[in-house]
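Open the model in your viewer and keep the selection tool at hand. The stops below go from salt bridges to chain contacts and end at one helix.

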Amino acid sequence: MTQLDTNQPYALVMRGIVKRFPGVLANDHVDLALYPGEVHALLGENGAGKSTLMNILSGLYRPDAGQIIINGEPVTFNSPRDAIRRGIGMVHQHFMLVPTLTVAENLILGQDDIGFILDYTALEAKVAELSQKFGLAVDPHAKIWQLSVGEQQRVEILKMLYHGAKILIMDEPTAVLTPQEVEELFKTLREMAAVGHTIIFISHKLDEVLEIADRVTVLRRGKVTAVVDTAHTTKAELARLMVGREVLFRVEKKPANPGNPILEIQNLNAKNDRGLPALRNLSLTVRSGEIVGVAGVAGNGQVELAEVITGLRPAESGKILVHGQDITNKPATAAIDRGVAHIPADRTGVGSAPNLYLDENLIMKSYRHPPISKGWAINLSEAFRQAVQLIKRFDVKTPDVKTPARLLSGGNLQKLILARELSREPEAIIAVYPSRGLDAGATEAVHRRLIDERDRGSAILLISEDLDELLSLADRIVVLYEGQIIGEVPPKDELVDEIGLMMAGTKIQAGD
Amino acid sequence: MDGTTLIFIFNIVSAGLRTGTPLLFATIGELITERAGVLNLGVEGMMLAGALAGFAVSFSTGNPWLGVAAGMLAAGVLSLLHGLVAISLRGDQVVSGLALAFVGRGLTAVLGARYVQIRDVPRLPNIEMPFLNDIPLIGPTILGPLFGRQNIVLYLGFLLVPLVWFFINRTRAGLNLRAIGEYPAAADAAGINVVRLRYFYVFVGGMLAGLAGASLSLAVTPLWIEDMTAGQGWIAVGLVIFAGWDPWRAALGSYIFGALRRLPLDLQSVSWLPFASNPILGTWLSMIPYLFTIVALMFSSREAARKRLGAPAALGVPYVRGERGL
Amino acid sequence: MRIKIEPRLIVPKWMSFLGLIAAILAALFFGGFLLSYGGLNPLVAYRQMFTDAFLRSYSPSDTLVKATPLLLAGLGVTVAFRMKLWNIGAEGQLLIGAWAASGVALFVMPPETPRPIMLLAMGVAGFLGGALWGLIPGILKAKLQVNEIISSLMLTYVAILFNNFFIYGPWSAGGFGLTRSFPRTGWFPRLLDFVDFVPAFRGMTAHIGFLIGLVAAVILAVLFRRSKWGYELKLIGDNPRAAEYAGVNLARHIMLAMFISGGLAGLAGMSEVAGVVHRLQENFSPGYGFTAIIVAWLARLNPLAVVLVAYLFGGLLVGGDSIQPAGIPLMIQGIIMFCVISADLLTRYRIRLVRPKSQELEALDTEVTAG
């Protein structure tokens, strides 16, 4: 733990912050000090306590102990309103924008210096003026759900500035952006820092931190492990500070040895929940023994693609073949019975039943067939026996089998889902954001399993928004844009810019 | 069109407006509660509480307005019970609302037993608007017969709908209301007290259900009998879905329902309908309002589900600050 | 010093049971308040109710009579509620079941039909009547996403009017709100039928319907615990999207559950007309279908517990018959439901007093559990 020099003219000091949740010590005497006008990165793995610390700073949580000092003055926040008044604004990872309201309405939400009756013309004019001033172009009249993710982020930043924020917290702002949008964001952040705003940049991506930040505070398991200048550190050092050991940046794997086509998608069209086209004439083949990565900005049809293949969403037209057999618009059991495994994007909402025990969660795909099935009944003792084995084999940390799935941590829940899906020795695997929200250890375990499955001969479709993950796992990468495959590239680091452009909708012949 | 047909149509419209008014209050109340993200299925119970409290207080004080106030307060207090379970304890809102409906029914059945025989309760007044007849052309033919002499609750309803629409869509408080029902976390982050506001709007919804009950027992059918709401509280919940959470459509639905509810009585005066005056066959006509509710839901539910429009996104979901998960 | 409320990760069974008992006691306490407000002495009223329900020589039989429809309809509600399908129209399904059984007894089967066949036909008709009535909201929910709470309830009002049409119209006995009596072959055997063998059965009207309910409860208990269907219901109830992901056809299950749920409620109606009133008449059910919802909920959707709770609530109805005003059981039921919900939720939290000073130490004691 570093000692704070309280004589410095800090814009913000957080000292000795402690926050405890049932069973978790999220912040353990955390210190954080920011100079005015700096971009300060808060680096740490998922679960290291970054978000908790920032939720305390933005007034959402109250610390169990510790002090917050702004411009030399100790403050207590009882609500987000107090924090906003003190000039603190947080751009959350999940945007705090009401989708059905307009940009202008979102900006004035919670402000009490406007009249009771809303004068929309005046408000929208004011918003337009502000957006011009900061060079953040948005239409004040547009509804949030009509905007792209990058535009929504601009609205969030604009909102904070409108609220008079001097200290701006950016919670993993790049996770949902294309590489080009990231560049634009960094430009905005630098400009704001130049005019005296202080920016806290939360991330677990080392390259970005080195690029944008002046200084870095590293958190690990709720504690500060170091405060360093980005000018005097390296990626490897930051990684060690963050994870606590040396980290491999790439999973090791043998070259792929693709065999017969297993999963064939032909001219597929499908609609999203709003009834709008989500997939357009999409064709794709995944062979045995290869990992095909699907890159793209979230919301371009990724989830729909996985759902149509696994029979959870109807196809409007087109064909899906598994081993040459047509499973288009068949019930979900058709895909399950033909050996298509599905690691869904939403682990708690789709991939598991939170209040059911682990053994009950593990038989979700196998209860229809022997040995779990026994006529009309379920062989409960066999289910239990299998569960005990799987939990051991897949290293799921749990007190016992009769534990509700909701009590598992994110990483363990994902291992449970892997255990269920992979133990059936699938022919094809549809993995959607398989490592999202997991720490380095769990991510590595997931990656290892997927590569083992590939080497066993499974055909894997890996949908991810994390380019690093795609580059290290996939044998080839296709880019999804507005429901179409806009191009295919080999997984080479030097092609990141091309992939980024394609993610933004530009058609390029990669490798030219 | 001959005179009898015209009178007949006027009767239907007029009765529809009057019978639909209590339902309108209840529907608007539930609409406001749901816009705040809380589902309160206990409208039936709250309406009964409002009807009984209104009746009892009006009877004992002689002042129907005190009755209305008591009815609104009684239902408001009941709604806070639901608020406690749904907002603070984060319980299942469906089950809690069902319980509230049962409590209201049981409570009013016991406490109201001594009021069942009373017929001469002080009622809410009718309002005369003779000047409507002076308006040329439509005055004496349409406005006068329809609105020249109606109960005051009817006009309250006419006022309430545009007011509520304006409040929700054009005021700062209404913006906050929409935000806490759509995305409470965003409202919270913007410094809005989600819990306090949700309690407030549950209470408002309860008071309007109470007003609905009181206007039933003090104006539309001025008496008290057990279960006198006959399912209108449930219909109100259905009409909110039909209305797509919009006050104008809620008004439309309520008045249509009111007219349908009165239809068996109105049709009895029509000589050329053979079965209308037959009370046995009239039971079929009495089914119409309930079937109408179902049919209305058949058309609006699928629409709402497909477009994901209307329903507040956070409806029925308790708000927990900083809940983790993807 | 400040009060801290934290969620419990797992609520122990004994605590949840204690909560239930506390909730019922609290409900009786609050109910007592309201009774005294209504001009009654609650202690006297409760004692009278309890004596009539459980202590007199006829009590077991009388209570069983009231418990029978609660048991059957409660089981029906349980089936739907298990998958969070809020069928609150059990009353309507019960009425239509009674209507169908009455129609079969009066107009379809000849009066000289042997009793077992007659009763079987009535049972099948009752089950099917209720099942089809329940299937309507089921189909509307599965195909058009119509809220089943509203539709099943609206259909209850329709069912009341539908029955009224028949008992005042074509099936009426002399224009009153009732049909003529069923032939004796359409009556359930009652205890008093066996008075020749057991003299103590004199005047006891408990009928075979309760046994049917018991059998149904055992079958459901086995199905819920061991069968694939039971597993699927549980999965849908906990997370419908996960169920779809596991390949469960939601629409089919919604319709099937509503069919069975309505069928059991219909059987309750059949049992009531065959076992108690022996005809179809107005208001023969004092809201059994509604009380069944509370019974199912209190039994935590456990079929065997439904048997017990139905008996207790049968007692409440018997006791309620002996005091005025008539709505007391209804009121107490509602308050019990509210108290049980609150107790359920309260046991999920633990309330602690913490001193600010000790917080840091406590915080340090807690281990970090990372993924």
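A salt bridge here is a side-chain nitrogen of Lys or Arg within 4 Å of a carboxyl oxygen of Asp or Glu. By that rule the structure, which is a predicted model, holds 32 salt bridges over all chains.

**Salt bridges within chains**

Select A:R190 and A:E211 first. Their closest N and O atoms are 3.8 Å apart, and the two side chains form a salt bridge. The pair links distant parts of the chain, 21 residues apart: A:R190 sits in helix α6 (residues 179–194) of chain A, and A:E211 in helix α7 (residues 206–212) of chain A. A:R190 is partly exposed, at 38% relative accessibility. A:E211 also counts as partly exposed, with a relative accessible area of 38%.

Next, select A:R476 and A:E488, a salt bridge whose closest N and O atoms are 3.2 Å apart. Which of the two is buried? A:R476 is, at a relative accessible area of 18%, because buried means under 20%. A:E488, at 43%, is partly exposed.

Move to chain C and select C:E148 with C:K141. Their side chains meet in a salt bridge, 3.1 Å from N to O. C:E148 is buried, with a relative accessible area of 4%, whereas C:K141 is partly exposed at 27%. Then go back to chain A and select A:K253, A:R454, A:D455 and A:D475: salt bridges that share partners join these residues into one network.

**Chain A against chain B**

Show chains A and B together. Here 35 residues of chain A are in contact with 28 residues of chain B. The two chains bury about 2,700 Å² between them, 62% of it on carbon and sulfur atoms. On the chain A side, select A:M96, A:L109 and A:F116, which lose the most area to chain B, together 20% of what that side buries.

How many salt bridges are there between chain A and chain B? The count is one: A:E105 meets B:R178, 3.2 Å from N to O. Eight residue pairs are in polar contact across this interface. Helices α2 (80–85) and α3 (103–108) of chain A each supply at least two residues of the side that touches chain B, and α2(A) gives the most, with three residues. By class, that side has 20 nonpolar, eight polar and seven charged residues.

**Chain B against chain C**

Now show chains B and C. The contact takes 47 residues from chain B and 47 residues from chain C, and about 4,100 Å² is buried between them, 84% of it on carbon and sulfur atoms. In chain B, select B:L89, B:F102 and B:V110; they lose the most area to chain C, together 15% of what that side buries. Across the interface there are zero salt bridges and one residue pair in polar contact.

Color α3 (64–88), α4 (93–111), α10 (232–242) and α12 (279–307) of chain B, the elements that give two or more residues to the side touching chain C. α12(B) gives the most, with 15 residues. That side of chain B has 31 nonpolar, 10 polar and six charged residues.

**Last stop: one helix of chain B**

Select helix α2 (residues 43–61) of chain B. At 1.5 Å a residue, its 19 residues should span 27 Å, and the end C-alpha atoms are 26 Å apart, which agrees. Of its 19 residues, 15 are buried. Step on to B:G62, which follows α2(B) and has a positive phi, near 80°.

Note on methods
Residues numbered from 1 in each chain as written. Chains lettered and ligands numbered in written order. Predicted model: local features only at pLDDT ≥ 70, side-chain atom pairs only at ≥ 80, totals over all residues. Heavy atoms only, no water. Contact = heavy atoms within 4.5 Å. Buried area = accessible area lost by both parts, 1.4 Å probe. Polar contact = N/O pair within 3.5 Å; in protein donor to acceptor, adjacent residues only side chain to side chain. Helix = DSSP H or I, 4+ residues; strand = E, 2+ residues; numbered from the N terminus. Nonpolar A, V, L, I, M, F, W, Y, C, P; charged D, E, K, R; others polar. Expected span 1.5 Å × (residues − 1). Buried < 20%, exposed > 50% of the residue type's maximum accessible area, 1.4 Å probe, protein only.
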